[in-house]
Amino acid sequence: MVADVPPEHPRHALPVPPVAPVRTSIRERFGENVEDPYAWMGDRSNPEFLAYLAEENAYAAALTEGLQPLADTIFGEIKARTQETDLSVPVRWKEHWYYTRTVEGLEYPIEARVSVTDYPTRPQLTPAGPPAGEQILLDHNEQARGRDFFAVGASSVSPDERLLAYAADTVGDERYDLCIVEIDTGQVIDTGVQGIGDDVAWSLDGRHLFYTRHDAAWRAYQIWRHTVGSPSDSDELVLQEDDAHFWVSLGQSRDERYLLAALGSKTTTEWHLLDAADPLGPWHCLSPRRPGVEYDVDILGDRIFLSHNKNRPNFEFAVAPVGASSSADWVNVPLTSPEEYLTGIAAFDDFVVLSLRSQGLTTLRIVPIVAGPSGPSGGSAAPGGSDESAYGAGIFGAPHDLDVGEELGVVALGENPDPATRTLLVEFSSLVTPTTTIDYDVPTRERTVLKQLEVLGGYDPTDYEQWRDWAVAADGTRIPLSLVRRRDAADGAAPVLLYGYGAYGACMEPSWRMTMRSLSILDRGFVFAIAHVRGGAELGRLWYDLGRLTHKTNTFTDFVACADHLAASGWADPDRIAALGGSAGGLLMGAVANLAPERFRLIHAAVPFVDALTTILDETLPLTVGEWEEWGDAPHDEAAYRLMRSYTPYENVRPMRYPTMLVTADLNDTRVFVTEPAKWVARLRAAADIDPAVNPVIFRVQTKPSSHLGQSGRYDRWRQEAWEDAVLVHYVGMPTP
């Protein structure tokens, strides 16, 4: 259902939307010729294309000029409820307490530390000012001075706590330059390495730093070793992944004994480790890749702790000695059920923490370690990976799950760098509970709240209610929704913002982050809902598998089923349902716009992957080859091509009435090129039933340096969010104060 003509925009006064030039090119594939009238937009440096984007921005500004007072009001609300001068919970690592803090009026955080000698127990930091004896590690504001964008991809202190290495992106393309600083003096001692990835790791002696590099398709595929203070042309390549389906990531074990390299595709992984005390030595493969087998590892002492899907889709827990070289060395330990989805492992000296999902909700399972570091059989695992072997059964005591006292929410491990700790920093939040950091004493199971995000302006969680609901898809599958609203929202008349993603197995959690972003619209009577559609992994690994490749259309029909359920709920206004999704969720938005345009009053597609088939067919574009395991190998598989052809939003625009479309993009985005939404918007205007006075297509492009995730400064982000909320509030027909 579309909105009435906005009263402040009589038809004769409406600005005229841009008309993109048509220059048809033909794509030939599998015996089919497809016309693409806007393929010329593929050259993002073309002055004509840049001029067209400028016209779109001018049109969006003119059309929404009357909404600026509302956007300013919402920006003020975001600012007023945020503790602008704030500090994180300090975390002890070796001889210092590390934390970040923010200062009112400054866009970026400050990384700092204080000495354990000065603060034997965790310092009680206050917003009044920095603590005595503070050492600033990295002031992002200073580094961002004179720049429109600044983001740190990695920040790591050397094992002797003397040096800081960080990787900085100053244009938004997610390519980083390395800087190494001597902490005590603040002296920059190394800036020679440029254009790296966002992972770094130290050798144990602090003389060498390892980092990743990308290929021309923006795939992390190499690990290099750099000697601190030496020129970058003396760096050595130590690991390379040649299969374009795989990418490389780099990390370090909690006890710093090993560097860890993960080589992974969407469905297969392979891990390598290096003795951090022997940085010039060889890398050791823990288990060679097997198609379809994924495993994740954490290492502590002489043991490897693993999660793997060799035997069941939702993964299971196993242990192995550090010398393991194949999955035959893995010993399965039955600490989870087949219905529980094992999503992560964190190993400490005295216990292991398993991150789990069950029925769409998260929990932490804590498992005591009762044997020494080598295990009862001297660290030699039983062959064949048999369950309940002497090695596996003799290590662990009785597990228990952490109870946070609130069912609908998200619980996750915080930052816990000390392997010898007996307490855990745990973070919990929900759609009504602000992010809360808990100190959990594992032996006593006592919980101490260290910090809860302060929401200024009188936020009262009892003014809001959250709940879990279920929609039913056409095939009978029950789709979970997480919802929140003010308790005084009008039943039967409440507008709804329905959010979805549904790709890569990513879970859209019912967290405070979601509510903090939407609080201004909740206070204007909206219901905020998250559709946990197939393609995510909220209900386990199969939930992901049933929303990708040949099952991808389930993601789209699930979302429409959720919208239909909300319309029939009796408390929502069926004529005022808005939809929101970004990136792969933007593809979801484009697909449901074609599938069920009458169901939505407004659709906001952010940095949307809407010309998906064109991108997937071009393996020279960033990350494309690896995406074939998510969407299908359309260049070589006709069935995959035909399926993508049937749903890719750009190629399925029809001459029908669409809802109001809000499309936002970033010029520097390297994950989804601005070309995609630009082509889609042009085709919508040309081919669909669009009336600028009733259901406009609003396209706004961020032209200042920014990334796929948006602008780097917090105030800049708030202004963008406030403008988007103002458009939403207006075009679903809410009164504007």
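Let's start with a pair of facing residues: Asp 298 stands opposite Phe 305, which belongs to strand E21. Please keep in mind that we are looking at a predicted model.

The strands around that pair are E20 and E21, and they run antiparallel to each other, joined over six bridges. How many residues of E20 are buried? In this strand, which covers residues 295-300, five of the six are buried, so the rest of the structure largely encloses E20.

Now follow the chain from E20 into E21. The two strands form a hairpin with two residues between them, and Gly 301 in this hairpin has a positive phi near 65°.

Glycine isn't alone in having a positive phi here, so let me give you some background: most residues other than glycine have a negative phi. With that in mind, have a look at Phe 315. Its phi is positive, near 70°, and it is not a glycine. You'll find Phe 315 in the loop that links strand E21 (303-308) with strand E22 (316-321). Is Phe 315 buried or exposed? Its relative accessibility is 7%, and because the cut-off for buried is under 20%, Phe 315 counts as buried.

My last stop is Lys 94. Where does Lys 94 lie? Look in the loop between strand E4 (91-93) and strand E5 (96-102). Lys 94 is another residue other than glycine with a positive phi, this time near 60°.

Key. Residues numbered from 1 in each chain as written. Predicted model: local features only at pLDDT ≥ 70, side-chain atom pairs only at ≥ 80, totals over all residues. Heavy atoms only, no water. Helix = DSSP H or I, 4+ residues; strand = E, 2+ residues; numbered from the N terminus. Buried < 20%, exposed > 50% of the residue type's maximum accessible area, 1.4 Å probe, protein only. Pairing = 2+ DSSP bridges.
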